[in-house]
Amino acid sequence: MVDFLAENNLCGQAVLRIVSRGNAIIAELLRLSEFIPAVFRLKDKSDQQKYGDIICDFSYFKGPEYYDSKLEAKPDLQDLDDEFRENNLEILSRFYLAFESVHKYIVDLTRYLDDLYEGVYIQQTLETVLLNEDGKQLLCEALYLYGVMLLVIDQKMEGEVRERMLVSYYRYSAARSSADSNLDDICKLLRSTGYSSQSGAKRPANYPESYFQRVPISSTFISMVIGRLRSDDIYNQVSAYPLPEHRSTALANQAAMLYVCLYFIPSILQTQQAKMREIVDKYFPDNWVISVYMGITVNLVEAWEPYKAAKIALNYTLDSANIREQASRYSVSMEGLRPQIQQLLKEGFLREEIVLDNVPKLLNCLRDCNVSIRWLMLHTADSAYDPNNKRLRQIKEQVINDSKYNPKILFQVLLDTAQFEFTLKEMFKKMLSEKQLKWESYRAEGSERMTELAEVFSGVKPLTRVEKNENLQAWFREISKQIESLNYEDSTAAGRKTVQLIQALVEVQEFHQLESNLQVCQFLADTRKFLHQMIRTINIKEEVLITMQIVGDLSYAWQIIDSFTSIMQESIRVNPSMVTKLRATFLKLASALDLPLLRINQANSPDLLSVSQFYSGELVTYVRKVLQIIPESMFTSLAKIIKLQIHAIMEVPTRLDKDKLKDYAQLGARYEVDPKQLLEDGIRKELVRRVAYALHKGLIFNPKAKTSELMPKLKEMAATMDGFYRSFEYIQDYVSIYGLKIWQEEVSRIINYNVEQECNSFLRTKIQDWQSVYQSTHIPIPKFPAVDESATFIGRLCREILRITDPKATCYMDQLNTWYDLKTHQEVTNNRLFSEIQDTLGTFGLNGLDRLLCFMMVKELQNFLSVFQKTILRDKAMVDVFKAMLSAVNPVKGIVANASKGYANAVAKTQKIWGPYLESIMKVGQMQILRQQIANELNYSCKFDSKHLAAALENLNKSHLPSPVLYDVDLHYNPAPVLYVVDLHYKPIYITTKRLPYFPIVNFLFIIAQLPKLQYSKNQGMTCRKATDPVDWSPLVLGLLTLLKQFHSRYTEQFLALIGQFIRSIMEQCTSQKIPDMPSDVVGALMFLEDYVRYTKLPRKVAEAHVPSFIFDEFRTVL
């Protein structure tokens, strides 16, 4: 008959593919369970208030129109819904595909069973498949994996969360309109069961059997599978555990499968006492905590509590005397095994001949160790006992007391067993690979010895006192030929013949009185030794390695091993050489990967890579977690170095007198630390953790403080960061790492990640942690709870800078790059602030601040436009004023009659709208000033710290940019630099805009409304007249300039023309009224034009096109 798993056996391949997919689906469910968006849990009050109306459970399906109409009624809610969809649709689609694959799995399994029943597979029926060894295993696994999927979904993804995600997916995707969508069936299968994995939560009635019966499966198939699992050893595991007391361990995997499959026929658990008694006697006579799949543990005491027959059957196992007997047995076993395994691990003890002579004994020792470790780990695991259940607490206490359980001793035995197992496996692998070579060399040696002896008895070879004996000569030659004729391929016959040859050599020594000649005896003894070695070598079988693999299974500890992490870390801290033993333990744990990957590999499934990556990634993450103690210990020492570097150790001068060398050495302080070889990733992780925490704690500001805490905190932070940096520099040679490279990479990652998270608040489509290029699973950047409106330290820093340079409270002096307090006239801060930020956060920090300011500016400009459209343009009275003003100033090349009165009236009528307008404009201007200061600092430090690169970049740009003389200014040709040394920020367009009516006239009226609040001073330029009515000139000009830049250039042209007309009209009026002095409003308007030209770097003719040059000349005499 064709092999069931052969590629041309369609029946076998079909069920193999189903089982392979089942393992892949479970891996995907476990992977996704880590990425459930927190918002779907609706735990926080803020989330409930914000998203409560747009995240619904299955109650949505009762009246979708009601929910949709509620959304449509509120534009803000609709906007939030759109934003939510953009942010979550991708992850929701991934979850939906996983849920859909679970449903498809059971549909495909049912179809396969129907095909078997209908005879689609020739000569194959359900009965014949179950008679085949592979078929029996696969059908049992197919049902078991479906049960595991359902249990994993309920344990890892709460029912309510599932429902909310499915409803959201339904609302946001095209599935609702797709006719072939099976969303209804998926919702029926995965609707909430009421189960909660929280400790102390009450178990729902008829759970999980009602959940398992949501998709009907053939009852014949289920009962036949359970029948096989009850009666057969489907994986032939008992042969690897010959001792009867090890039987429950041998059948542990099958017991887990049976446990899951019994929920498909709950009547067995409920009423069939005889069957349950048989199951318990065979699988659970000495254990009640089982591992269901990849370390998911279940306590049968709790699981079978609602089922009468199961509970009664299990009571025999849970009898106090039986628990005591089992626990005491394993206690005695551990006491005997610990010294035994330590003896085996002694250096030089496990030699090849000892191993080959004692294979059964060594395997028995391994079995005892693994069985004891398994029982104790499972039956003392905290995760297996609900602390709220009194009976479980009592059982656990009895187990711990009777087994004299000590986690440190258990961990030590696990370490030793893993090391012993690893050593033994490596020896066997080596012996297997060299088996034939060694056997043939022993055969050649034995044959040669016999030939030499034959020559000795020929009388030709001179050997003292050996007489010629032709019979012996012929006999030894024959023996030599017999040894030579032994065939490696026919190991059974060769073994039998080798035993006969050994016997013959013993007899020849006795019957021919050869003992008298020591040399002949030695030859015979050597030959017998070689023949013995041949028997030993031929007996090296791969079966031993397979048995070791079966016995050494540690998949049950995939999750509970985490409870030993603190013991592992403490042992590494005390004795770093412990890492070598841990390596063997991790390799032993890695063998758990064989369980889910076996079928995927057999099916040649493309899922092999992703599933193996997931489980091996989980293992690597755990290994990193354990080994993190190394860099933690190092950073504890580093903290002492930082303290010394900052406070105790002096900087060594470049030149130093010989007699002062000893003073600077400060040997007592320096030799306090003895750094060891460390793992780079661990070092990075610890560095990130500590630096992120220092930045989070160090940059928290009190907005109510009388004097700003900004500069003191930045100085303090700079000292901390410098201490970190110098100490890192100090240890890099000891641990052989590139300290500066790691420092720059990780600090830049921390800052960029925090900037990204801060900018998320301005984005509709947020960048989630799993999408971020800066976040990493191995070296995660910690997230801290927000302490104010900012999400991160970079937001707090930015908002504190904006607070202390607020244009309503300060006045910015452009020539001095300094901010002064409006009331006290004291200096608030200056451009040193940005040098301090450079010292603290480096270029990345300044760049991040710049990026954040851009986002803030975009938000401010968008808000401004929204107010302009919704408030100003909808106010009929205002629009009438603008219309009247437009007709009064037409044509703009002319002069306005009765200018002072006309302008004053328009300003008076529009006065109420300028408050919020001014605030927005000045905020934008303030941010532009800050961006320019950041650009200046970056430019300066670039030229200072890397002057050659900066010069090369500048020359490259100059050579690329053509001569400006060749091009007319008004042409649209806009040559751009190849690379920017620094960006001048007044030119960028931040937002896309539509045409706005009255925009130039509104801005013109706004600027002339502000001019009376300002006065010109020769020393200070344009300043505020009254501190109670604050207007800061530079932010005002820059804000207006930035706003105009967002629109078509004709708006700017019209705006400048209106200002030119204003200056000409007022000057004309002054001339006619013979007023000698230039009015202050005209001075202000001319100053605006001057600054406009200066900031935009446009030629003077742009301003002189609207104002005659003689007015500018007169204006300069005023200056």
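**Aromatic rings and their partners**

Guide: Phe 212 is buried, with a relative accessible area of 1%, where buried means under 20% relative accessible area, exposed over 50% and partly exposed in between, using a 1.4 Å probe and protein chains only. This is a predicted model, in which local features need pLDDT of at least 70 and side-chain atom pairs count only at pLDDT 80 or more, while totals for chains, interfaces and linings use all residues. Residues are numbered from 1 along each chain as its sequence is written, and side-chain values use heavy atoms, leaving out hydrogens and water.

Tyr 211 is also buried, at a relative accessible area of 1%. Rings of Phe, Tyr and Trp (its six-membered ring) pair if their centres lie within 6.5 Å, and planes under 30 degrees apart count as stacked, over 60 as edge-to-face and the rest as tilted. By this rule there are 53 aromatic pairs. The ring centres of Tyr 211 and Phe 212 are 6.2 Å apart and their planes stand at 70°, so this pair is edge-to-face. For Phe 999 and Phe 1047, the centres are 4.2 Å apart and the planes lie at 35°, so that pair is tilted. Phe 999 counts as buried at 0% relative accessibility, as does Phe 1047 at 8%.

Tyr 211 and Phe 212 also belong to a cluster linked by ring pairs, whose members include Tyr 146, Tyr 263 and Trp 304.
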